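Subject: Handing over the model

Hi there,

Here is the structure I promised to pass on to you. Please open it alongside this message, and my notes follow below.

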Amino acid sequence: MFVSLLGLIALLACLFVGLPIAWGMLLIGVIGFSFYTGLEAAFTMAAQTAYDTGMSYSFTVLPLFILMGNLVNASGLSRDLYTAANAFIGHLRGGLAMATILACGSFSALSGSSMATTAAMSRVAMPSMRKYNYDDRLATGSIAAGGTLGILIPPSVIMVVYGILTETDIGKLFAAGFLPGFLAILMYLATVLILTTFNPKLGQPGVKSSWAQRLHATKGVFAITVLFVVIMGGIYGGVFTPTEAAGIGAFCTFLITLKRRGWQPKVYLTVLVEAAQTTAVMFALVIGALIFTNFLTVAGLPNQLLDFIKTLDMSPLMVIFMICLIYLVLGCFLETMSMVMLTVPIFYPIVASMGFDLVWFGIIVVVAAEISLITPPLGLNIFMIKNVMPDIPLRTVIYGVTPFVITDIIRLAVLVLVPWIVMVIPNSM
């Protein structure tokens, strides 16, 4: 236990001095592993882990979904999604904020990136909400909260990484994310409704669209909606694997982007370079996490933690709530992916040994990580909005996301207490 804790402290020290977490996990993992097996065996383990990860067929899904998300972002689809949502509910009190959340949910289902969703919707939705004198707190809060859906609604990069770290079926993780994602959208909409009911000045109704205008608005998103249904329906029905679905999605998204923007070599080159850079970072993170996991395993930390928990005489459900609390605290200080990489190798053996389904736990981890995107002081979506809209004070954004953070904590508790919401779809596959 002492060596494991010393390794964790050393890793946190590496993060504190600014060393990227991927290299920190790799360095501490190799040094810690060598303490038990020798330096030569540690280097061999690290090299073999890097090779196996790079050659893994299941990992192909990651760069393909990243490429698909970048193409969706480049296509300018975010504006069409917002226009379509606004056409149906923009005339309600708080309707523009609700439309923003719906557009965020749709866009994140294709991009898989919370940061990209937040940035795109900040540029698209804020001008419209300001036009109708929406309070900046409600406007920024709805954008930041809606942006968090990018890591929950499939395809999700974090789900892919979790699936690889825990050897959990990625297709079932994607399926498990549907109802929690839908629940998140409904609860965000309810939050806007409650806020604007108590204070109507936060969000005045917009202009009501005719049915002809609504029909015209949906034409811009019809093709990409069909693509999403085909990809997720194919995974659910067993027609193709997540990796095959990612390939189909990337190719079809390229065709849609080509139709919308035409042939612009610089745009597609930028998309490819950004996808390659993101993929390289993700590979480095996963390789580092796996090497660090090997160190923790050989040190016996998961078993020692399980024995310690047994001495506390806590119920398994209380252990899960304790883990969720740890995630909420860590989310205030660690970047989302770093937090998942650091904690999942420690927690998942404990959760599995208590009889919990790892698919269900994966969704709990993703939802807890999702909350960290809007919790200060390190909420990345908060700073993304500040970056796009520099005239808005940071305290305004923080004030705006607070009701949505409360909503998220309630949702996390519901998913822990009612696992059926998570497991009903994957159990039917």
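With a relative accessibility of 31%, Arg 130 counts as partly exposed. Please keep in mind that this is a predicted model, and every value here is computed from it.

Salt bridges

Arg 130 pairs with Asp 136 in a salt bridge, and the closest N and O atoms are 3.4 Å apart.

Another salt bridge joins the side chains of Asp 135 and Arg 137, at 2.9 Å from N to O.

What about the pair formed by Arg 411 and Glu 370: how far apart are N and O in their salt bridge? The distance is 3.3 Å. Arg 411 belongs to helix H21 (residues 394-417) and Glu 370 to helix H19 (residues 358-372), so this pair ties together parts that are 41 residues apart in sequence. Arg 411 is buried, at a relative accessible area of 0%, and Glu 370 is likewise buried at 0%. In total, the structure holds 6 salt bridges.

Nonpolar cores

The largest nonpolar core has 146 residues, and the members that touch the most others are Met 129, Phe 292, Met 341 and Phe 361. Which helix gives the most to this core? That is helix H15 (residues 265-299), with 14 residues.

Beyond its neighbours within four places in sequence, Phe 361 is in contact with Tyr 162, Ile 320, Ile 323, Phe 347, Tyr 348 and Val 351. There is also a second, separate core of 7 residues, and among them are Phe 33, Ala 42, Met 45 and Ile 291.

Ala 97 sits in helix H6 (residues 95-111). Is Ala 97 buried or exposed? Its relative accessibility is 0%, so Ala 97 counts as buried. Not counting residues up to four places away in sequence, Ala 97 touches Met 129, Tyr 134, Leu 138, Ser 142 and Val 192. One of these, Met 129, was named above for its contacts in the largest core. For a sense of scale, Ala 97 and Val 422 lie 325 residues apart in sequence and 27 Å apart in space, C-alpha to C-alpha.

H6 also brings us to the second largest pocket, where H6 gives the most to the lining, with 6 residues. The volume of this pocket is about 540 Å³. It is lined by 24 residues, of which Leu 102, Gly 105, Ser 106, Ala 109 and Phe 228 are the closest to its centre. At least two lining residues each come from helix H5 (77-89), H6, helix H11 (178-198) and helix H13 (222-237). As for the make-up of the lining, 18 residues are nonpolar, 6 are polar and none are charged.

Technical notes:
Residues numbered from 1 in each chain as written. Predicted model: local features only at pLDDT ≥ 70, side-chain atom pairs only at ≥ 80, totals over all residues. Heavy atoms only, no water. Core = buried A, V, L, I, M, F, W, Y, C linked by side-chain atoms within 4.5 Å. Buried < 20%, exposed > 50% of the residue type's maximum accessible area, 1.4 Å probe, protein only. Helix = DSSP H or I, 4+ residues; strand = E, 2+ residues; numbered from the N terminus. Contact = heavy atoms within 4.5 Å. 1 Å grid on protein atoms, 1.4 Å probe; cavity = no way out; pocket = protein on both sides within 12 Å on 5 of 7 lines; lining within 4 Å. Points joined across faces, edges and corners; volume = space filled by probe spheres on them. Nonpolar A, V, L, I, M, F, W, Y, C, P; charged D, E, K, R; others polar. Salt bridge = Lys/Arg side-chain N within 4 Å of Asp/Glu carboxyl O.
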